[in-house]
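Welcome, and thanks for taking a look. Here is a short briefing to read alongside the structure.

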Amino acid sequence: MKYALVNGIILDGNLDMEPVEQTILIDNDKINAIIDKNGDISGYEKIDLQGKYVMPGLINMHIHLPASGKPKKKESDPKKQVRFFTSNAFLRKIMKSVCTKAAQTQGLSGVTTVRTVGGVLNTDSLLRDEIKAGKIIGPRILAADMAVSVPGGHMAGSLAYEAHSAEEAQALVAKIAENKPDLIKLMITGGVLDATKKGEPGVLKMPAEYVKAACAEAHKHGLIVAAHVESSEGVALENGVDTIEHGAEADAEIINLFKERQAALVTTLSPALPYALFDREVSHASEMAQYNGKIVFEGIIDCAKKCLANNI
């Protein structure tokens with residue numbers, strides 16, 4: 001189908017841009033042209049936007065569909081919840097429905113592509129395929145499915161399998177790859193809520209040999225590897241990861257590794273921001289979580305600024 005979006009306002013991306021009323025010509029799912037508001041739209045079905053703004057679809061590069069992100073008054077047990085919701089076919093269907101609604105909420109918020117980085121079993125890739133096939137409505141999904149962690153590691157036993165050796169890490173990646181995900185996720189450090197004392201968020205959890213084995217297996221399947229990292233000791237670029245999720249304070253050596261590996265930083269302020277900046281009556285965070293959240297928050301910003309300055 002060919003559509004002409006008329007009476008809509010766009011921003012063209014120039015430095016001194018101002019809102020401009022223009023007409024957008026669309027052929028199937030491609031924008032053919034953006035023309036003057038009085039331009040020729042012969043052959044196109046007219047859709048009147050009634051003065052609304054038009055913008056490109058947003059991309060959410062880091063999301064966990066089973067989690068809402070809303071502050072909790074009391075922390076739940078994610079391992080127990082996942083065990084419950086994967087215990088039989090009926091409960092797995094409910095879990096899938098929860099993830100479907102989360103993905104559709106992203107779409108209703110203007111997000112047309114999401115990249116999942118840790119989910120329940122292979123739910124993310126199942127949703128991806130159903131959306132592609134037109135069976136349900138939702139954003140494009142780049143799916144990681146379950147992540148790989150270690151005992152006591154970030155999301156271990158809930159949204160991540162536990163690897164007890166390098167060989168098991170490799171085997172788990174091979175298992176995840178059977179469902180044809182778009183990427184593999186490793187949980188290399190802990191997070192704010194994993195810390196056991198003030199000043200030690202993002203403690204290194206996954207040994208280097210586990211990371212190397214997992215990355216080698218992922219790359220064998222043509223999959224990139226995303227790594228949860230919230231401290232500089234966990235920046236495992238030299239071990240084969242392709243993207244650093246979150247980030248941490250970066251020195252010259254880390255910046256050089258980014259360049260050598262042609263790796264990317266996925267800056268994600270949202271996990272640390274509530275702990276760092278929100279009133280604890282709103283976030284329901286402990287004093288220790290708030291203290292550690294500020295360390296992680298500042299590290300993410302430092303890494304982002306240095307990567308930006310170095311065109312990474």
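This is a predicted model: local features need pLDDT of at least 70, side-chain atom pairs count only at pLDDT 80 or more; totals for chains, interfaces and linings use all residues.

**Surface patches and buried sites**

Tyrosine 53 is exposed, as its relative accessible area is 56%.

**Nonpolar patch**
- Tyrosine 53 sits in the loop that links β4 (45-48) to β5 (58-63).
- Together with Leu11 and Met17, Tyr53 makes a nonpolar surface patch of about 330 Å².

**Negative patch**
- Four residues, Glu238, Glu249, Asp251 and Glu253, form a negative surface patch.
- One of them, glutamate 249, belongs to the loop between β12 (243-246) and α6 (252-261).
- Glutamate 249 counts as exposed because its relative accessibility is 53%, and the cut-off for exposed is over 50%.

**A buried serine in a loop**
- Serine 231 is located in the loop between β11 (224-229) and β12.
- With a relative accessible area of 10%, serine 231 is buried, since buried means under 20%.
- A polar atom of the serine 231 side chain lies 2.4 Å from the backbone oxygen of glycine 202.

**A buried alanine in a helix**
- Alanine 289 is part of helix α9, which covers residues 287-309.
- The relative accessibility of alanine 289 is 5%, so this residue counts as buried.
- Along the chain, alanine 289 and isoleucine 31 are 258 residues apart, and their C-alpha atoms are separated by 46 Å.

Definitions and conventions
Residues are numbered from 1 along each chain as its sequence is written. Side-chain values use heavy atoms; hydrogens and water are left out. Patches are made of residues with over 30% relative accessible area and no salt bridge: like charges are joined within 9 Å, nonpolar side chains (Val, Leu, Ile, Met, Phe, Trp, Tyr) within 5 Å. Accessible areas come from the Shrake-Rupley method with a 1.4 Å probe; for residues, only the protein chains shown count as cover. A salt bridge is a side-chain nitrogen of Lys or Arg within 4 Å of a carboxyl oxygen of Asp or Glu. Lys and Arg count as positive and Asp and Glu as negative; His and the chain ends are not counted. The place of a charge is taken as NZ of Lys, CZ of Arg, CG of Asp or CD of Glu. Helices (H or I, at least four residues) and strands (E, at least two) are DSSP runs, numbered from the N terminus. Buried means under 20% relative accessible area, exposed over 50%, partly exposed in between (1.4 Å probe, protein chains only). A polar contact is a pair of N or O atoms within 3.5 Å; within protein, one must be able to donate a hydrogen and the other to accept it, and residues adjacent in sequence count only if both atoms are side-chain atoms.
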